[in-house]
Amino acid sequence: MITYLEAIRLAQQKALATDPRVFLYGQDIGSFGGAFKATKNLSAEFPGRVLDAPLSEDAIVGMAIGAAIEGARPIVEMQFADFSTCGLNQIVNHAATLFYRTSVPCPIVVRLPSGGTSGGGPFHSQSLEAIYAHWPGLVVVTPATVEDAYTMLLEAVNIDDPVIFCEHKFLYYHLKADTLPEAALPIGKARIARAGRDATIVTHGAMLHESLAAAQELVEDGYEIEVVDLRSVKPLDTDTILASVARTGRLLCVSEEWPWGGVTAEVLARVATEGFGLLDAAPMRVNAKDTPVPYHPDLWAAHRPTASTIAAAARRLLQL
Amino acid sequence: MSKKIAPVTQSDFIKAYRVMLTSRVLEEKLAGLYRAGMIKGGVFLGRGQEALSVSVGIQLRRGDIFAPLIRDQGGRLAFGDSILDTLRTYLGSQLGSMRGRDGNIHRGRPRDGYYAMISHLGAMIPSVAGALLARRLKGEQGAVGATCIGDGGTSTGAFHEGLNAAAVDKLPLIVVVANNQYAYSTPNTRQYACADLLDKAAGYGVGAHKADGTRLMDCLQTLRNAIHAAREGGGPQLVVADLLRLVGHGEHDDFAYLDPKLKKSAVGSDCLLLAEKHIIEQGWHTADEVAAWRRETEDEVNATADRVRREPLPDPSEDDWAALSRPEYREQYAAS
Ligand SMILES: Cc1ncc(C[n+]2csc(CCOP(=O)(O)OP(=O)(O)O)c2C)c(N)n1
Ligand SMILES: [Mg+2]
């Protein structure tokens with residue numbers, strides 16, 4: 001069985017094996033194999049192309065940009081998404097502006113081990129897709145399955161634009177697949193993860209699995225919930241969202257991010273402005289609470305959306 | 001170090017002087033255009049820093065990388081930028097290398113190794129380092145990369161992280177600090193507490209070179225040494241040149257905070273006048289010949305400005321407004 005984490009490792013292995021322009025750069029990713037072992041054995045297999053970086057997120061991204069200008073395809077590992085804020089300047093002001101300013105694209109992939117896990121606490125749990133999506137010039141993806149982790153990372157390496165690859169740590173070990181696909185939906189296309197008729201849940205990342213569990217719970221109440229996995233939050237597949245809402249008339253957006261200005265806010269804004277007439281009820285959303293991510297597992301479990309809080313929200317939506 | 005470093009010759013000096021002169025004349029034109037309200041955006045000049053800047057750009061080779069900063073008009077011209085493209089960006093011509101999307105000191109042609117700085121000071125240091133790393137991974141040898149920064153920029157995290165990371169990988173990077181005594185209005189006493197900015201080199205484990213930024217000969221020789229050391233595998237080289245910004249931070253700034261003692265001190269000399277004096281005193285050229293060079297340059301700059309003023313401006317209805325290279329990723333639901 002291949003885990004989500006192993007899929008990420010295998011995608012990097014394949015990228016290194018098939019494209020001489022690819023190299024990996026990040027803290028502890030060399031012979032140690034990375035904090036999560038996403039690069040295990042790769043430095044031995046590809047000598048000189050899996051490089052340990054000093055503890056310098058700003059320089060790591062800055063160097064990747066220069067390398068990309070020279071034709072390389074760097075994949076950068078942030079040890080945790082949370083630390084990418086120390087490299088924010090290079091990502092949003094340099095990588096994201098380069099093509100617009102100079103017509104020279106910036107093909108870097110920045111891997112962000114994202115999202116909450118039990119005991120992670122305020123600085124090892126953040127979901128930052130919305131802030132990166134805010135800046136023009138970046139592609140931001142949030143694979144929620146083993147298959148997507150693999151194919152989207154390989155696709156990300158081939159994209160000429162900078163890609164922020166938000167891989168979810170909660171999914172690293174327990175999501176498993178038998179085989180890895182060769183072909184997949186392209187980045188920019190959402191997927192109907194579960195078909196339904198009574199309401200649409202739009203979600204991404206680890207929340208896909210909580211949402212699917214919630215949808216299963218609502219089957220007992222006689223409801224068929226459609227679940228849309230965004231896969232990439234920028235570009236955002238608004239057409240697929242609107243088509244689903246056209247079928248169900250009801251919308252619930254679910255995200256592990258904080259509520260202010262995030263992906264749920266963007267999806268709601270688009271449906272309200274582009275598809276108001278499709279709605280039979282006011283749309284709703286469920287986000288993490290608006291506090292730092294708590295450390296204690298009991299607090300954390302109540303901080304993030306879960307199948308039961310999502311199911312409760314969906315029941316309210318269905319009664320509107 | 002294997003090969004011997006050639007001494008700077010009369011012809012090197014004169015060639016560099018001519019670029020300094022072009023830079024000075026061009027910047028005087030820019031200042032005039034700014035006062036006439038014809039410039040799009042700000043004007044930040046390198047007056048007093050031409051000797052240093054030209055010494056960097058002119059001694060790099062084809063295939064090297066140069067990431068100039070705010071006050072590097074001289075180095076830009078020396079590295080291959082033109083009067084024409086300079087004026088195009090400042091005057092907002094659509095034909096400029098940045099097509100109106102960015103301008104002035106942010107211009108560049110990354111494909112030619114001429115990087116386009118972002119405003120955020122220090123950011124170009126790791127990027128040039130990364131470019132050199134990529135060259136190494138491709139198996140290319142012999143190229144170096146140079147980037148410039150001010151005294152203020154040495155206080156950024158990017159300077160620290162970039163120079164350190166370059167040193168760890170022993171990359172052929174030259175970081176040139178124009179210690180012009182001010183960062184906007186902030187004097188060096190509020191910028192750093194080490195005795196000399198060059199002291200930082202030891203901390204990073206990189207080569208250290210000091211230049212008198214007012215003396216072209218010294219700048220040329222020092223940069224030649226630093227570039228040579230980097231090219232020969234000596235790892236990053238830090239060059240610190242002391243000089244004085246002879247103008248305000250930008251043309252909007254009256255420089256009222258300038259300490260008059262600095263102006264009268266050694267750093268306050270004008271490198272262009274000193275270089276000119278050297279040429280005449282050495283008997284290489286007469287004062288009349290030097291004056292004729294200036295008139296020639298002025299004519300070229302004026303004619304180019306007249307031409308550029310007739311060029312088309314960027315047209316918002318023609319711009320594709322694309323921040324991503326892939327058309328299918330562009331926002332189709334942008335609120336407008
Ligand atoms: C990170 C960052 N902070 C602030 C600024 C605004 N700024 C532009 S130039 C400047 C002063 C720079 O001083 P110095 O590095 O000494 O260069 P100089 O202008 O003297 O050539 C400042 C503060 C900036 N561009 N980047
Ligand atoms: Mg300064």
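## Ligand 1

A backbone N or O atom of B:Leu121 sits 3.3 Å from a nitrogen atom of ligand 1. This is a predicted model: local features need pLDDT of at least 70, side-chain atom pairs count only at pLDDT 80 or more, and totals for chains, interfaces and linings use all residues. Residues are numbered from 1 along each chain as its sequence is written, chains are lettered from A and ligands numbered from 1 in the order in which they are written, and side-chain values use heavy atoms, with hydrogens and water left out.

A polar side-chain atom of B:Arg71 lies 2.7 Å from one oxygen atom. A backbone N or O atom of B:Tyr182 lies 2.8 Å from an oxygen atom. On its own, ligand 1 has 580 Å² of accessible area (Shrake-Rupley method, 1.4 Å probe). The protein covers 68% of that. Around the ligand are 14 residues, each with a heavy atom within 4 Å. B:Arg71, B:Asp151, B:Gly153, B:Asn180 and B:Tyr182 come nearest. By class, the shell has 5 nonpolar, 7 polar and 2 charged residues. Gly counts as polar here, and Tyr as nonpolar.

## Interface of chains A and B

Chain A brings 47 residues to the contact and chain B brings 42; contact means heavy atoms within 4.5 Å. Together the two chains bury about 3800 Å², 58% of it on carbon and sulfur atoms. Buried area is the accessible area (1.4 Å probe) lost when two parts are put together, summed over both. B:Glu161, B:Tyr329 and B:Tyr333 supply 19% of the area that chain B buries against chain A, more than any other three residues.

Between the chains, 19 residue pairs are in polar contact, both residues at pLDDT 80 or more. Such a contact pairs N or O atoms within 3.5 Å; within protein, one must be able to donate a hydrogen and the other to accept it, and residues adjacent in sequence count only if both atoms are side-chain atoms. On chain B, α5 (124–137) and α6 (157–168) each supply at least two residues of the side that touches chain A. The largest share, 10 residues, comes from α5(B). That side of chain B has 24 nonpolar, 7 polar and 11 charged residues.

The interface also holds 2 salt bridges (a side-chain nitrogen of Lys or Arg within 4 Å of a carboxyl oxygen of Asp or Glu). A salt bridge joins the side chains of A:Glu70 and B:Arg135, at 2.7 Å, N to O.

## Backbone of chain A

Most residues other than glycine have a negative phi, and most peptide bonds are trans. A:Ser103 has a positive phi, near 70 degrees. A:Ser103 is in the loop between α4 (88–102) and β5 (109–114) of chain A. The bond between A:Lys234 and A:Pro235 is cis, with omega about 5 degrees.

How values were computed
Helices (H or I, at least four residues) and strands (E, at least two) are DSSP runs, numbered from the N terminus.
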